[in-house]
Amino acid sequence: MALTKKGQKVIINRNCHRSALTGLMISGADPIWVCPSRIDDWSIWGNIEPEKIEKALKENPDAGLVWITNPTYEGVVSDIKSISAICKKYNVPLVVDEAHGCLWNFSSHLPQSALKLGADVVVHSLHKTGGSMSQSSMLHVSKNSMINPDTVEKALKLLHTTSPSLMLLGSLDASRAVLQSKSGQTMLERTIKNAKYLRKRLDNIPNLQQLKNDFGYSTDVTKVFIKIDGLSGKRLESILEIDFGIEVESASDIGVLILCNLGNKRSDFAYLADALEKIAQGNHKDIYYLENRKHMPMLEPQIVMSLRDAYYAEKEIIKKEDAIGRISAEVIAECPPGISILLPGELITEEHLPYLNDYETLEVVKK
Ligand SMILES: Cc1ncc(COP(=O)(O)O)c(C=O)c1O
C-alpha cells in the first residue's frame with residue numbers, strides 16, 4: 001500500500017505469500033508475474049533468476065516496484081545481490097519478503113540478509129523461527145532506501161489498530177535482544193550445528209534424499225526438505241507423527257519439511273534420523289496419492305481481470321466442476337505455504353482441480 005498505487009505495475013514472484021496479494025488488492029496495483037525456476041524433482045519453486053527480473057523490467061519500463069520472496073518456504077535462496085543491482089540500474093525499489101530468513105541477520109553462518117545486499121524494504125517474520133509471539137513481525141526500511149519510511153508509517157496507520165499491542169512489540173524486542181545476546185548466539189550456533197549433524201545423518205540413508213545447494217541457488221541449512229522413495233510427503237508426515245511422535249513443519253505431495261529450531265536438542269535430531277532410517281527401509285509404493293492430489297501450486301496465473309476489481313465484483317458461489325472458464329473472485333491459498341492456488345481475477349482452468357480436492361464450491365465473478 002505504501003509502495004504502489006492503483007494501476008501501477010509490480011513485478012512479483014509467482015510464489016509470493018497471499019499477504020502480498022492482499023496488498024495488491026488493497027492498493028489496486030497490477031502484478032507482472034515472474035515465475036522462479038522449477039525444481040521438478042521436488043515439485044517446488046526454486047530460485048528467482050536475476051535475468052528474469054531484468055527482462056521484466058526491460059519489458060515494463062513503467063513498473064514501480066519489484067517484490068521478491070526469499071528464501072522460499074523450503075529454504076531455496078535466490079541471488080538477491082544481483083537482483084538488487086539490477087533494480088538499482090533501472091531505478092526501481094526492491095522489496096524482499098524475508099519472512100522465513102528472520103534469523104539471517106543474527107549469524108554469519110546463514111545466508112546474508114537482503115538488508116545487507118541493497119534491498120529497500122525487507123520483511124522479517126520474527127514469530128516464525130525467531131521466538132517472538134505469533135502475529136509479531138518486523139518491516140525494515142534500509143538506510144539508503146528509495147522508500148520514504150514516513151510513507152510506510154502512514155500506510156501502516158491505515159491498516160493498524162490505534163491501540164497497538166505493547167505485548168507483541170515487547171516480544172519482538174525481547175527476541176531480538178535474546179538472539180543478539182551471548183546465550184542467543186550460542187543457541188543459534190548450536191542450531192546450525194544440529195542442522196549440519198542431521199543433514200550428515202540423512203546423507204547416509206539409502207532411499208532418502210534431501211534438498212541441497214544446486215546450480216543457481218543455495219539453501220538455508222536449517223530448513224531440511226526430504227523425501228523417501230515411494231512415499232508421498234503426506235504419508236511420511238503421518239508415519240512420523242503416529243509411529244514416532246514427531247511433528248514436522250509441513251508436508252507436500254513429495255516430501256516433508258523439517259525445521260531445525262532454536263529450542264531443539266541434538267537428541268531430537270538423533271531420534272528423528274533413527275526414525276527416518278527405519279522408515280526408509282520399508283518398500284513403499286505410495287503412488288496413488290501422488291496422482292490424485294497436489295499441494296504446491298505450480299501454475300502461472302492467467303489474470304483476466306484486475307485483482308481489486310474481481311475482489312469487489314458481484315460474485316456467485318458455484319460447484320467446482322462448473323467453475324472452469326470462470327473468473328475467480330477469491331484468494332485460495334492453503335497455509336502453509338500460503339502460495340495462491342487461485343486469486344481474484346484469475347481464469348479457472350482444469351489444471352487447478354488437483355489442487356482443489358478439499359473444495360466443493362468456488363466463489364467466482366458473476367456473469
Ligand atoms: C513468505 C511469507 N511472507 C509473509 C508471510 C505472512 O506472515 P504472517 O503470518 O506473519 O502474517 C508468510 C507467512 O507464512 C510467509 O510465508
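Me: Which domains is the chain divided into?
Reply: Good place to start! In this predicted model, the chain is divided into domain 1 (9–179), domain 2 (192–292) and domain 3 (307–365).

Me: What makes domain 1 and domain 2 count as being in contact?
Reply: Two residues are in contact if their C-beta atoms lie within 7 Å. By that rule, 19 residues of domain 1 are in contact with 17 residues of domain 2. On the side of domain 1 that touches domain 2, there are six nonpolar, eleven polar and two charged residues. The centres of these two domains are separated by 27 Å, taken over C-alpha atoms.

Me: Why is strand β16 called largely enclosed?
Reply: A residue is buried if 20 or more other C-beta atoms lie within 10 Å of its own. Four of the five residues of β16 (residues 361–365) are buried, so the strand is largely enclosed by the rest of the structure.

Me: How do you know that strand β15 and β16 pair?
Reply: Pairing calls for at least two bridges between the strands. Strand β15 (residues 315–319) and β16 have five bridges, so they pair, and they do so in the antiparallel sense. Within this pairing, K315 stands opposite V365 in β16.

Me: Which residues surround the ligand?
Reply: Among them are H17, S19, T69, Y73, D97, H100, P336, P337 and G338. By class, the shell divides into four nonpolar, seven polar and one charged.

Me: Which domains does the shell around the ligand draw on for at least three residues each?
Reply: Those are domain 1 (9–179) and domain 3 (307–365).

Terms used:
Residues are numbered from 1 along each chain as its sequence is written. This is a predicted model: local features need pLDDT of at least 70, side-chain atom pairs count only at pLDDT 80 or more; totals for chains, interfaces and linings use all residues. Domain bounds come from an automatic or database domain assignment. Ala, Val, Leu, Ile, Met, Phe, Trp, Tyr, Cys and Pro count as nonpolar, Asp, Glu, Lys and Arg as charged, and the others, Gly among them, as polar. A residue is buried if 20 or more other C-beta atoms lie within 10 Å of its own, exposed if 12 or fewer, and partly exposed in between; C-beta atoms are placed from the backbone. Helices (H or I, at least four residues) and strands (E, at least two) are DSSP runs, numbered from the N terminus. A residue is near a molecule or strand if its C-beta atom, placed from the backbone, lies within 6 Å of it.
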